[in-house]
Structures are given as structure tokens and as C-alpha cells.
Amino acid sequence: MNRKVKVWDLAVRLGHWTMGALVLGAFLTAEDDDTVPLHTRLGLALLGIVVFRLVWGFVGSSQARFKSFVRSPREVLAYAKEYVRGRPGAHLGHNPLGGVMVVALLGTLLVITLTGIITFLGPEWDGPLSGVLGKSGAHAVKEVHEGAAGLLLGLIGFHVAGVLLSSFLEKQNLVAGMVTGRKHVPPDGEPPKEPSLGARVGGFIAAAGLGAAVVLLVLRLFPMGEAEAATAQTQLIDLYQQEARAQDPGHAADPARGKALYFAQHDKGGEKTSCTTCHTEDPRAQGRSPAGKRIDPLAPSANPERLTDRKKADRWFDRNCKQVMGRLCTPGEKADLAAWLLTL
Ligand code: HEC
């Protein structure tokens, strides 16, 4: 067993380690609200790579293909018996148990990423699936997402243990093999027959294209930034609303009151001033400060970032209300104003 040959092509190796890094990142960003936007993006990238790897499993180099390592249950069982005895037979690419693991890992990743996308479109955001799913459906999908993530963690544990044990039994470093692409091969083994260069390039373009197409389709169907902004804006109004209720339990955000506040004229040193002075009669339009500085539109429909950042919104509400009305706006007024701006 001293012959080393190239078994893992670059796409398999890069795909493998990228998936590992993305999974690690996704686990680290899953819990905290602040990191959820990053979590969803890592998840989407993961979906793209999983799709790529699935397609590559049909069109890639010989050892990348599912048909080279997916074995019948009987063969898997026979191999498992050899394995338990500590004398597993040599295999060029994945051994039969490794093949089972590849399919289990990819399948679990597919379930996790797809349920992740559906969860992202859950009831918090009025997305295309909210009506279809309902609250209990969305909840169930989230349970599957989390359950599958737990399963993935277990599978990764077995995967790493299996690789280490096989490295020991086969007296070769399989982790390094996934970096260099080279493995010791059975002395009697045939070198792999590779598809032609043209077929591999074409296959790569097809696999990468499909992976990218899936990612772009998701982004196009549900623009992530907009969905997140919409959630943040509703949350901000809820927050002001809650603060207002602490003083006036009957308060409900009222866009009409918000609109009246926006247009109300106040006397300031003999000059009339209102929110329109800078933000214009139409908050969807670009505004201008008295000093002539350009102000981006205030209405979220024209400027999706508006009212998404609590600190920023508060700072400007305070400053501008003082400037126009000579006092701070109450939480109830902020809720009204924000509610009106969101109707535009
Ligand atoms: C003197 C000019 C001026 C007036 C008058 C004014 N604003 Fe502003 N406002 C600004 C500027 C400048 C910004 C920040 C520009 C930016 O972020 O692009 C801003 C930003 C805001 C924001 C921040 C939104 C966000 O989340 O980014 C809110 C809310 C706001 N204004 C509300 C009001 C309200 C309500 C009034 C009327 C009571 C008002 N403004 C009157 C100049 C003004």
C-alpha cells in the first residue's frame, strides 16, 4: 500500500472544507438575535454548496460520483463486519460506511437549509409562505430545522470518529488526504478512470450554475434585506407601543395621528417649522436640511433601512422633535409617526 494516487478532486475538497466552515459558522450564529442575519446568509451559502455537491455527485470526477461509493445495504453490512474485526478492505475513494455518511450528511444539510429558508419566511414576516403555513405549521418547520441540526451534530461526531478510526486501521492520514486529494490505494486497485477534461469542465459549470441558480432564486423570491428590515420596523413600532402603554394602557399606534404630527406647524422664532421643513411634504422623496444637506427619504418604502435601527431612530426622533416642537416626542407619538411612515 505505498502507491498514492489523486482521488479527491479540487471541487470535492473545497466543497468539503467550505461546508465544514459554513456549518461551524451557522452553529455559532444560530442563537443570538443579532447574528441571525449572518446565520441566514451562511445557511443560504450552504444550500448553494450542497446543491453543487449533489450535482457534482453525478457529473464530477470518478470518486466524486455517488455511484462510486453508494453501496447496497448488504455490502455496507459486510464492510461493517470487516470494520468491527479491525480489518476493513481497502477502497480507492469512500469506503461503504463512508458512503452512507456522505449521503446522510448531505441529506441532513439539505433538510436543514430548506427548513431554514421556510423558517425565515415564518409568521414574523408577512412572506409568501406565511398564509400557507400558519403559526403551527411554521412552528413545526422550525422544530424540524432544530432537530435536524441536532442530528447533524451527531453525524459530524460519527464522521470525525470514523475518519480517525479508519486512518488508524488503514495506517494513513485521511484528513490530510482530504486536503491534498491523495490517498494510498490497494496494491491491486485499478487507477480511477476519469471523465474527459471537457466532460469535467462541463459538469463543473452545470453544478456551479445550479448551485448559484438556487441561491439567486431564493434571494429573488425573498429579498433577505427587505424581509429583515420589515421585521425590524414592526418590532420597533411594537416597542414604542409597549412603552406608550406603560403610561396609557389604551394606546394603539394610529397612522392618522402620526400624519397630523408630521404636518403640524410650530412657531420657531417667528418662522413656521414642521417635519416637512427637512423631510418635505412627501417623506418618500429626498429631503434637504436648511443648510442644504441632502437627506435620504424618510419613508421605509423608499428607504428600507429607515426605522430598523433602534438607536439611530431614537437619536433622530429626539433631536428632530426637539428642533421642531421644542420637546421630545413621547413613545406614543413615535409609534404613531412610525406607523404612518410604514403605510406610505
Ligand atoms: C432640520 C431638519 C430636520 C427636521 C425639521 C426633521 N428632521 Fe428628521 N432627520 C433629519 C436628518 C438630517 C436625519 C438623518 C438623515 C439620515 O439618516 O440620512 C433625520 C432622520 C430622521 C429619522 C431617522 C429614521 C431612521 O431610522 O433612519 C426620523 C425617525 C426622523 N428624522 C423623524 C423626524 C420627525 C418626526 C420630524 C418632525 C417632528 C423630523 N424628523 C424633522 C433632519 C430633520
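This is a predicted model: local features need pLDDT of at least 70, side-chain atom pairs count only at pLDDT 80 or more; totals for chains, interfaces and linings use all residues.
1. Numbering runs from 1 along each chain as its sequence is written, and side-chain values use heavy atoms, with hydrogens and water left out.

2. Take H10 (residues 255-263), where Gly258, Leu261 and Tyr262 are buried (under 20% relative accessible area with a 1.4 Å probe, protein chains only; exposed is over 50%, partly exposed in between). They span an arc of only 100 degrees around the axis, so they sit on the same side of H10 (the arc is that of the directions from the helix axis to the C-beta atoms). Helices here are DSSP runs of H or I, at least four residues, numbered from the N terminus.

3. What do the buried residues of H10 pack against? Helices H11 (276-279), H12 (310-325) and H13 (331-343), with contact meaning heavy atoms within 4.5 Å.

4. Cys321 and Cys329 form a disulfide, S to S 2.0 Å (the cut-off is a pair of cysteine sulfur atoms within 2.5 Å). Both cysteines are buried. The torsion about their S-S bond is about -85 degrees, so the disulfide is left-handed.

5. Now the ligand. His279 has a side-chain N or O atom 2.8 Å from a ligand nitrogen, and a polar side-chain atom of Arg306 lies 2.7 Å from a ligand oxygen. H12 gives the largest share of the shell, seven residues.

Methods: Helices (H or I, at least four residues) and strands (E, at least two) are DSSP runs, numbered from the N terminus. A polar contact is a pair of N or O atoms within 3.5 Å; within protein, one must be able to donate a hydrogen and the other to accept it, and residues adjacent in sequence count only if both atoms are side-chain atoms.
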